[in-house]
Amino acid sequence: MAERKATVASRVGLHARPASIFAEAAGDLPFEVTIAMDGEPAEEAMDASSILSLMSLGASHGDIIVLRAEADGAEDALESLARIIETDHDAE
């Protein structure tokens with residue numbers, strides 16, 4: 001299983017706009033990606049393509065999240081998704 005940690009860069013956390021951008025990118029992948037706060041058990045991870053799951057995560061600016069996927073090409077996909085999390089979409 002591929003795993004990638006990322007730090008939430010958006011100043012107001014993983015709210016509607018960055019969550020929407022991230023969920024769309026995760027939903028475009030041909031495999032499931034999960035997301036969880038760093039330190040939470042893997043079995044509590046949520047569907048990364050669900051905007052409701054992302055919003056309920058409650059990730060704030062500076063929080064570390066963990067992305068996981070099990071598929072060919074998962075490492076590259078998680079790297080791309082991490083870049084979305086690590087971009088301050090509120091500054092654009």
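Buried means under 20% relative accessible area, exposed means over 50%, and partly exposed lies in between, as judged with a 1.4 Å probe and protein chains only. The views below show a predicted model, in which local features need pLDDT of at least 70, side-chain atom pairs count only at pLDDT 80 or more, and totals for chains, interfaces and linings use all residues. Residues are numbered from 1 along each chain as its sequence is written, and side-chain values use heavy atoms, with hydrogens and water left out.

View 1. Helices (H or I, at least four residues) and strands (E, at least two) are DSSP runs, numbered from the N terminus. Five of the six residues of β4 are buried. Two strands pair if DSSP finds at least two bridges between them; β1 (residues 2–7) runs antiparallel to β4 and is joined to it by six bridges, while β2 and β4 pair in the antiparallel sense over five bridges. Ala-2 has Ala-69 as its bridge partner in β4, and Thr-34 stands opposite Arg-68.

**View 2. The surroundings of Arg-68.** Arg-68, in strand β4 (residues 64–69), is buried because its relative accessible area is 11%. Its side chain makes a polar contact with the side chain of Glu-3 at 3.0 Å, where a polar contact is a pair of N or O atoms within 3.5 Å, one able to donate a hydrogen and the other to accept it within protein, and residues adjacent in sequence count only if both atoms are side-chain atoms. Not counting residues up to four places away in sequence, Arg-68 is in contact (heavy atoms within 4.5 Å) with residues including Met-1, Val-33, Ala-45 and Leu-78.

View 3. Side chains of opposite charge can pair when their charged atoms come close. A salt bridge is a side-chain nitrogen of Lys or Arg within 4 Å of a carboxyl oxygen of Asp or Glu, and the whole structure holds five of them. In one of these, the closest N and O atoms of Glu-79 and Arg-4 are 3.0 Å apart; Glu-79 belongs to helix α3 (residues 74–85) and Arg-4 to strand β1, 75 residues apart. Another salt bridge joins Asp-38 and Lys-5 (3.1 Å, N to O). Asp-38 lies in the loop between β2 and β3 and Lys-5 in strand β1, so this pair ties together parts that are 33 residues apart in sequence.
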